[in-house]
Amino acid sequence: MTVGKDVSALFPDVVNCMQTDNLELKKLVYLYLMNYAKSQPDMAIMAVNTFVKDCEDPNPLIRALAVRTMGCIRVDKITEYLCEPLRKCLKDEDPYVRKTAAVCVAKLHDINAQLVEDQGFLDTLKDLISDSNPMVVANAVAALSEIAESHPSSNLLDLNPQSINKLLTALNECTEWGQIFILDCLANYMPKDDREAQSICERVTPRLSHANSAVVLSAVKVLMKFMEMLSKDLDYYGTLLKKLAPPLVTLLSAEPELQYVALRNINLIVQKRPEILKHEMKVFFVKYNDPIYVKLEKLDIMIRLASQANIAQVLAELKEYATEVDVDFVRKAVRAIGRCAIKVEQSAERCVSTLLDLIQTKVNYVVQEAIVVIKDIFRKYPNKYESVIATLCENLDSLDEPEARAAMIWIVGEYAERIDNADELLESFLEGFHDESTQVQLQLLTAIVKLFLKKPTETQELVQQVLSLATQDSDNPDLRDRGYIYWRLLSTDPVAAKEVVLAEKPLISEETDLIEPTLLDELICYIGTLASVYHKPPSAFVEGSRGVVHKSLPPRTGSSESAESPEAAPSAGQAAEQPAVIPAQGDLLGDLLNLDLGPPVSGPPLAASSVQMGAVDLLGGGLDSLMGDESEGMGGSGFTAPGPAAPAGMGAPLGSGLGDLFDLTGGVGTLSGSYVAPKTVWLPAMKAKGLEISGTFSRQVDSISMDLVLTNKALQVMSDFAIQFNRNSFGLAPAAPLQVHAPLAPNQSVEISLPLNTVGSVMKMDPLNNLQVAVKNNIDVFYFSTLYPLHILFVEDGKMERQMFLATWKDIPNENEAQFQIKDCSLNADAVSSKLQGSNIFTIAKRNVEGQDMLYQSLKLTNGIWVLAELRIQPSNPSFTLSLKCRAPEVSQYVYQAYDAILKN
Amino acid sequence: MIGGLFIYNHKGEVLISRVYRDDIGRNAVDAFRVNVIHARQQVRSPVTNIARTSFFHVKRSNIWLAAVTKQNVNAAMVFEFLYKMCDVMTAYFGKISEENIKNNFVLIYELLDEILDFGYPQNSETGALKTFITQQGIKSQTKEEQSQITSQVTGQIGWRREGIKYRRNELFLDVLESVNLLMSPQGQVLSAHVSGRVVMKSYLSGMPECKFGMNDKIVIEKQGKGTADETGKSGKQSIAIDDCTFHQCVRLSKFDSERSISFIPPDGEFELMRYRTTKDIILPFRVIPLVREVGRTKLEVKVVIKSNFKPSLLAQKIEVRIPTPLNTSGVQVICMKGKAKYKASENAIVWKIKRMAGMKESQISAEIELLPTNDKKKWARPPISMNFEVPFAPSGLKVRYLKVFEPKLNYSDHDVIKWSSSTFREHLPGPSTQIDRPCGSSGSRLSCLCSVTTHAATEVQNQGTSTIKLLFCWCLTTCIIS
């Protein structure tokens, strides 16, 4: 049976044996039932009687056995019969039966959640948390945690100081496994204040001396999480930090598999709180008999802990490792030396000489790895270690991996002026251009262009050759685009090209491999679990609803650092409706320009066909970021939208060819005139794993659009963006998919204008202008809601005939009239009327009554609702009175808000 | 939680498969076999994720144990559980081998049913399990027996059953230490730490309360001021323990508040505590290896060991293990003291010395003939290891007292300590392929393990009073490395 043979034919015979007195035989029969009941549900019913009888047996072992087995039989008919015995067993006098019954509730919930709720088992289970027997408590906690996980919203595990106290008491008494369940459950609790957090920590710390590593890690999780709430000035905070280090070190003397789990977790802890283990470098030195997975992890942690104080030791170790046998390990060791050089400036020189020694060994993979890291060192310390280039060039022939070849080519290109035969070297690479990987091709293209700019006379032919190879003979769009950019750049203005291509590059940062902070915080909440082993959130590897709940660290309660609490975030959505600072006209123009230039992201450069001198700046802006990209090692990324710096730079050359473009756009802006609110942050990065979305709505002749800026504040590249709206009051929906052409690299942002239409499905929202949006990318799906200004829905044919206006005004009952005050507005009637007209609010008549200007206006919404308005303006009084009449009075308020926003901007 | 548990033999055939959760299908069994057991490469991680299913495995001799899950389980717990599972099986039927597993099919399923429920580990203490999983087909127990079993399995002291009786009450205590040493090529000690274990064998009746005390610096300093004479007697004699972990029978909250180790021991052998120290480690031996490569087919090895303790003390049962390359064809050994032999099956020269006094030195030299190979794979140069017994502990740990108190049975306060002994190992880097290195510099890495065993046995007679005083005679063992 257990080796995979089907013995279900014996079902009736086996069931006959069920009523035996022999406990062992009974267990075997039950095991058989668990395996085959599902395939023969009708036969399984035969067994029910025996189960029910066994649940009444005087022997507690048999009662428990029956309940345990029944829970494992996933046949609907049987679960119905299970309820009564289970209810009894949950209240059994024997703790052994109760603890089995507690787990059985979780089993039943897995089969039929509704049944469990209807039968009230959840309440009974909650009562068991106060049971006198610690093991019953532990199992009840485990069962409740599991059930709660599949119902993230329900407040099943209603943890409060009293129940926490009970759990902490049970913690001292139950088995090692029970302690794990309880600690894992405690980790989900949010203490009210730092006092409570501290008292829980105090009661959890003794667990750090437990022999079971899982207990220790779970205790570490609770402490790491609650520590977040303790103020750093507290004495206790320091004590706790000190107490955490020894148990973590001790975990490294456990069995290798556990060491691996511990090391993966230490890796997280070191990133979150480096101070805990900063003096413990030596324990991470690799031992001869460590399995390879432990060695690799230790190496990772060594680099994280490397500092000026211990760098000498670390380097000596790393050098030793580089002569080991395992290829992966050696490679990682070599790479680690490079990372040390970048991280600890004082050691750079020693690292470089160590790497040179390693290159002398001529071991193929060591040499290649060394060259890759030396490239990074050059980028961190330019013009410092160029003396080694000669040695590197000697090993040119042995490079067969793309990464190493690309690195070498980069070095040659970057230092072309110091390498006498740079052209020969690059030429030799060029011979097999089409067989190279894209990475190498891109690098080669750039390197040759650099070389040309440095030594234009000798290399003209070479550069011609590579440009034609890249643009004409290649079908890789990245390569072709880059080739065209260089080509046009070189043919237009070599001086500018020089500035662009040979511009000073930003130094690379030290820690490119850190886990991004939001993810790290989440993973800290998962210490000890699989998520912490994979360094991925559970949603990445768990199916279904489980694990979708995002855990987060409690907000820091430090004195000054009362940073953004999660509650602060939603209010950002409301900020949209508050009148914000009026942007200077120039800024507004800049915005518009950005908008117009943003979209053609991956196409050929906009200005390419009719380049004018003035355009170079623009291109420069774009190219700079492109160059930046490439030097970040992101070879292959496409043309990215000009960064925010570009519009600022463009302010100056107004009047040049490009200036016309400006004017044009500016013109469009004033013509259509619809007021556009400044962008506000809709989705803060904190809530969306590093994706920040800000935006606004605008309306231009007959089309509504949503202008978004997506900013990647995470450390990983984002791609595969998509957007969707929930049903809303006016049926707003995206008219086209969200087009983000290139993956969004860290710290980059992209501006997108998303056209909208109003043919989506309609559902009345509260407030009326609420819009719920879902944005997806390769990381996750994020939700936010925003309020859109109503005037984007005012259509162009909203001008009513005079007669019609009068008739309608009278026709609409008076109770539908609403009055509002628009305060602090100093415009005169004409200005008001023209301003409003820009946003499709049409003035039909104007009267002057007793020194007051009365404007009669009409507008129409996309769904055909007419709104009539009377605006009373007193020259001496900055407050206007607005009376609105409409058949659907609920829109009035939002129309008023639109008025207010338009008039004040 | 754990969704299923499989046991495979070395060929990848399933011996035991027990599925606890519905989300684990039969194909999981095959997925692990194909992707891990039959994988071409060496296993790169003990956790494998195949198609959103995670597999945790440990290997015991030829047997693979794999736990499977689809959820975000506590990974540390799963591994701890797998080890525990191995312990339980070993306690029931000895070595974990294919044959033993096949012979104990029914027992293993019964155990799996009991210690894992819906993937949640339950009580897994052998002592408790053995009371009701017996494989003897007991048909009925009395009602008292049954409730005793259940209360024990779920009770606070799940590791010990009631009503244990011994004619002679005995308690054995071993201190095992291993020293890890890291040296630079110049012979400097870069780091050294001792990881020690206190192992107990208890054969005591009833529910004895034990208290164990050692020369822990924190405790000594706490009481120290009052009893100045005690510190005077024992000289330096307190040690700073960096960290320690305890068996689950030890009351951790009491240790946290008072630093006292009190517990009710399980019956039989168990590991009471582990500790780690890094300060003031005494290294009993220095080992100086010299390796010379003569041409491509010959290696000359010379190893000197120096004892580094008082001349009046004696180290015993010294065993030095010098690894040889895989392509060794023959070895000639000359040693001045003890016996040395090349063991081809173990790829090592084993040199045994019966006893050696302090401050002496002894050496061995060997010529190793090598078969010419095309040398694709380098030899990993395993360290030289050394095993011995010496009458002191490298960490300086001493047992101060061990008190036993049994409220109902009242053992006597006689106690006889029977014996103590120690064993020891150390590792040095092996004869390397480096040529002509001066002594002690065959690579910077010397990791050496030495272990010390102290056995103290208490025998308690069943007469009147309550506490027990213990006298310890001990032999401790230590080791040193160069």
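In the predicted model, the side chains of B:E271 and B:R197 meet in a salt bridge, at 2.8 Å from N to O (a side-chain nitrogen of Lys or Arg within 4 Å of a carboxyl oxygen of Asp or Glu). B:E271 sits in strand β13 (residues 268-277) of chain B and B:R197 in strand β9 (residues 189-203) of chain B, so that distant parts of the chain, 74 residues apart, are linked; strands here are DSSP runs of E of at least two residues, and helices runs of H or I of at least four, numbered from the N terminus. B:E271 is partly exposed at 22% relative accessibility, as is B:R197 at 31% (buried means under 20% relative accessible area, exposed over 50%, partly exposed in between; 1.4 Å probe, protein chains only).

As for the conventions, this is a predicted model in which local features need pLDDT of at least 70 and side-chain atom pairs count only at pLDDT 80 or more, while totals for chains, interfaces and linings use all residues. Residues are numbered from 1 along each chain as its sequence is written, chains are lettered from A and ligands numbered from 1 in the order written, and side-chain values use heavy atoms, without hydrogens and water.

Over all chains, the count comes to 52 salt bridges. In chain A, A:K319 of helix α17 (residues 311-321) pairs with A:D357 of helix α19 (residues 348-360), tying together parts 38 residues apart in sequence; the N to O distance is 3.4 Å. A:R331, A:R335, A:E369, A:E401 and A:E403 are linked in a salt-bridge network.

Seven salt bridges cross the interface of chain A and chain B, including B:D117 with A:K107 at 2.8 Å.
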